[in-house]
Every structure is written in structure tokens, then in C-alpha cells.
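Subject: Handing over a model

Hi,

I am passing this one over to you, as promised. Please have a look at it below, and then read on for my notes.

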Amino acid sequence: MSEQTTATSLADLKTLVQGTPAAAPDAVPLREAKRDAQGRAYATGSRKESVARVWVKPGKGTITINDKPQGKYFARPVLRMLIAQPFLVADRYQQFDVIATVAGGGLSGQAGAVRHGISRALCNYEPELRGILKKAGFLTRDPRAVERKKYGKMKARRSFQFSKR
């Protein structure tokens, strides 16, 4: 038979519900770092139709995309700024080298995919950064995509020009 105890205060009730007082939030196990034999962390990122495979390792801050430097691959400064955001938020700017391969979509989607991959790879390398990057929204895949074309329309919503004649 189980022994019944009566709760006389809220603290007693809390220990009855949780089991033991040792079930504090400090007992939450941290995620482990996932690194390969070369000390790199790997992750995939995606945005629209683009998919990026990203490797992150400690270094001087060089970013290589499809065997080209980031300045050559992403000529627009806005796209380069997008890629640097996870490092700036995590306060790790120019501390990691990034090697990425991107396929599919346009440049904007590819930059978003690389940012998503960098964020996930940073979390695999340093699990403590997960909270900061999650709060900034970099770990969530952006669900927005191109709306499909409907029949009887020129584009997704654009109708053919109407004329009364």
C-alpha cells in the first residue's frame, strides 16, 4: 500500500505534485556539442526553395559560399549583413570560419538559407547560444513561400484586364 501524506502548505503540495524538491529547473540537462573529427559543426538551413549545407569551425571569420568568398557570391551588402546576423547576436563576430554550399532559389532565399544554417551550426558547436539565437528568431525556418498561380488569373492574384466592350 502507498503511504498517504497530507499537505499543510503550498510548498508541501508542490513537493507532492513534483515528487521531490530536487526537480528544480537547474536539473535540466544541457545539449551536447556536435562536432566532427576536424572540430567542425554541421547544419542545414533552408528558405523558400534554397537549401544550404553549412560547416562552422573556429577561425578568423572567413565565409566561403560555393567555393567563392562571400563578397563575390553575395554582391549586395544587405545579403552579407543577413549572413553576419547570427554572429553579431551571439557576440561571436569574426571568431568562426564558415564553409557553405547552397543550391536552389534566388540570392535572397540563398542568403536566408545560409543564415538559418549558420544559426543551427552555431547551436551544434556551442549549445549555450541556443537561447539567444532562438529569441532572435534565427532557428525557425521562415515558412513564407511563393503563392501558387490560380486558373483564370494571370498570376497568383492578378486578374486579366477587364473591358466592358
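What follows is a short tour of the sheet, the helix across it and the aromatic rings.

First, the ground rules: this is a predicted model, in which local features need pLDDT of at least 70 and side-chain atom pairs count only at pLDDT 80 or more, while totals for chains, interfaces and linings use all residues. Residues are numbered from 1 along each chain as its sequence is written, and side-chain values use heavy atoms, with hydrogens and water left out.

**The sheet**

Five strands make an open sheet in the order β1-β2-β5-β3-β4, with mixed pairing. Here strands are DSSP runs of E of at least two residues and helices are runs of H or I of at least four, numbered from the N terminus; two strands pair if DSSP finds at least two bridges between them. At the edges are β1 and β4 (68–69), each pairing on one side only.

With β2 (residues 50–58), β5 pairs in the antiparallel sense over eight bridges. Along that pairing, Val51 has Ala103 as its bridge partner, and Val56 stands opposite Val98. With β3 (residues 63–65), β5 pairs in the parallel sense over three bridges, and there Ile65 stands opposite Ala100.

**The helix**

Helix α4 lies across β1, β2 and β5, and runs at about 150 degrees to β1. That angle is taken between N-to-C directions on a scale from 0 to 180 degrees, with axes fitted as lines to C-alpha atoms, for helices over the stretch in contact; contact means heavy atoms within 4.5 Å. The 19 residues of α4 should span 27 Å at 1.5 Å a residue, and its end C-alpha atoms are 26 Å apart, which agrees. The expected span is 1.5 Å times one less than the number of residues.

Of the 19 residues in α4, 15 are buried (under 20% relative accessible area, with exposed over 50% and partly exposed in between, using a 1.4 Å probe and protein chains only). Asn124, in this helix, counts as buried because its relative accessibility is 18%. Leaving aside neighbours within four places in sequence, Asn124 is in contact with Glu32, Ala33, Lys34, Ala41, Tyr42 and Ala43.

**The aromatic rings**

Rings of Phe, Tyr and Trp (its six-membered ring) pair if their centres lie within 6.5 Å; planes under 30 degrees apart count as stacked, over 60 as edge-to-face and the rest as tilted. The count comes to four aromatic pairs. One of them is the tilted pair of Tyr42 and Trp55, at 5.0 Å centre to centre and 45 degrees between the planes. Tyr42 is in β1 (residues 41–47) and Trp55 in β2, 13 residues apart. Tyr42 is partly exposed, at 36% relative accessibility.

Phe96 and Tyr125 have ring centres 5.2 Å apart and planes at 80 degrees, so this pair is edge-to-face. Because Phe96 lies in β5 and Tyr125 in α4 (residues 107–125), the pair ties together parts 29 residues apart in sequence. Phe96 is buried at 5% relative accessible area, and Tyr125 is buried at 13%. Together with Phe87, these two residues form one aromatic cluster.

Finally, the charged end of Arg35 sits over the ring of Tyr125, 3.9 Å from its centre (the rule asks for NZ of Lys or CZ of Arg within 6 Å of the ring centre and within 35 degrees of the ring normal).

Best wishes
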